[in-house]
Amino acid sequence: MVTIADYGKYETAWCPGCGNFGILGAMKAALAAAGLAPHQVLFVSGIGQAAKAPHYLNANVFNGLHGRALPAATGAKLANPALKVIVESGDGCTYGEGGNHFLAAVRRNIGLTVVVHDNQVYGLTKGQASPTSDAGFVTKAQPEGVHAEPFNPVETAVALKANFVARGFAGMPEHLAALIGQALAAPGFALVDVLQPCVSFNKINTYAWYRQRVRELPAGHDPTDWTAALAAAARWGDEIPVGVIWRGSRPAYEEHVPALAAGPLVGREMDRERLAAIIEHLR
């Protein structure tokens with residue numbers, strides 16, 4: 001039986017009160033509830049305080065370049081579809097530097113679980129605006145406030161029909177663990193965007209700010225209704241809905257790859273003669 005203790009307990013580099021702690025606890029709870037042992041899981045992350053989260057888990061980890069977690073995770077998933085591949089990083093890393101990779105992964109519907117710590121600021125580099133920062137957000141690098149409109153990753157993922165799209169809140173760890181658990185079980189691309197207060201560099205979107213606004217989706221919300229999902233995803237301001245916003249039914253990308261019909265690529269013997277013939281053909 002898999003337990004939370006199997007994923008270990010490590011000292012972190014995060015500030016006391018950081019929202020990352022709630023996400024880390026929810027992730028461990030979701031993995032244990034899913035019965036996934038550490039050797040069955042690969043975490044892939046980029047750069048940032050959120051990208052350190054997999055460092056504090058007893059599991060397989062690949063820590064790549066800033067914004068490049070999704071391509072590495074895609075390669076791992078195609079090499080071994082039986083592996084549970086989880087991408088965990090921040091809003092800057094995933095939606096900024098990795099923005100085009102995010103769009104491509106959603107369009108492909110590759111079978112990844114993507115958990116984004118969305119604190120609307122770059123914390124590791126001391127507080128610049130991120131793609132999800134609200135317009136007018138003042139930082140040391142944007143002293144006159146952000147002029148651009150914020151990127152809405154949840155609305156984008158629903159619009160592009162990812163198979164599973166949810167929004168959670170680090171201040172609701174049990175609710176968040178349930179969302180991550182559903183994402184782990186969903187085929188195809190699964191996104192959990194997590195509202196995560198940064199206690200050091202975002203003094204606007206605090207725990208109190210979110211608690212005044214975050215509301216669970218009503219029981220009558222139908223996550224298979226695309227129009228209703230788009231409306232829920234777009235809602236932001238005095239009320240921010242959390243929960244499973246959209247469930248799609250597209251086949252996962254890896255189901256279309258002929259090379260995987262005979263099973264995972266890992267463990268297969270290399271046919272050196274065939275490889276040499278392919279290289280010769282391509283010269």
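Student: By class, how many nonpolar, polar and charged residues does the lining of the largest cavity have?
Tutor: The lining has 4 nonpolar, 4 polar and no charged residues, where Ala, Val, Leu, Ile, Met, Phe, Trp, Tyr, Cys and Pro count as nonpolar, Asp, Glu, Lys and Arg as charged, and the others, Gly among them, as polar. Please keep in mind that this is a predicted model, in which local features need pLDDT of at least 70 and side-chain atom pairs count only at pLDDT 80 or more, while totals for chains, interfaces and linings use all residues. Residues are numbered from 1 along each chain as its sequence is written, and side-chain values use heavy atoms, with hydrogens and water left out.

Student: OK, and what volume does the largest cavity have?
Tutor: Its volume is about 40 Å³, and the count is 1 cavity of 30 Å³ or more. A cavity here is a set of points, on a 1 Å grid over the protein atoms alone, where a 1.4 Å probe fits but cannot get out, and lining residues have an atom within 4 Å of a point.

Student: Which elements each supply at least two residues of that lining?
Tutor: Helix H2 (69–79), strand E3 (84–90) and H3 do, with helices (H or I, at least four residues) and strands (E, at least two) taken as DSSP runs numbered from the N terminus. The lining residues include Ser89, Cys93 and Thr94.

Student: Thr94, then: buried or exposed?
Tutor: Thr94, which is in helix H3 (residues 91–97), counts as buried at 5% relative accessibility, since buried means under 20% relative accessible area, exposed over 50% and partly exposed in between (1.4 Å probe, protein chains only). Leaving aside neighbours within four places in sequence, Thr94 is in contact (heavy atoms within 4.5 Å) with Ser89, Gly99, Phe102 and Val116.

Student: Switching to rings, how many aromatic pairs are there?
Tutor: There are 10 aromatic pairs, counting rings of Phe, Tyr and Trp (its six-membered ring) whose centres lie within 6.5 Å, with planes under 30 degrees apart called stacked, over 60 edge-to-face and the rest tilted. In one of them, the rings of Tyr95 and Phe151 have centres 5.6 Å apart and planes at 55°, so the pair is tilted.

Student: Why does that pair tie together parts that are 56 residues apart in sequence?
Tutor: Because Tyr95 lies in helix H3, whereas Phe151 lies in the loop between strand E6 (128–129) and helix H5 (153–159). Tyr95 counts as buried at 6% relative accessibility, and Phe151 as partly exposed at 27%.

Notes:
On a 1 Å grid over the protein atoms alone, a cavity is a set of points where a 1.4 Å probe fits but cannot get out, and a pocket is an open set with protein on both sides within 12 Å along at least five of seven lines; lining residues have an atom within 4 Å of a point. Grid points are joined across faces, edges and corners, and a volume is the space filled by probe spheres set on the points.
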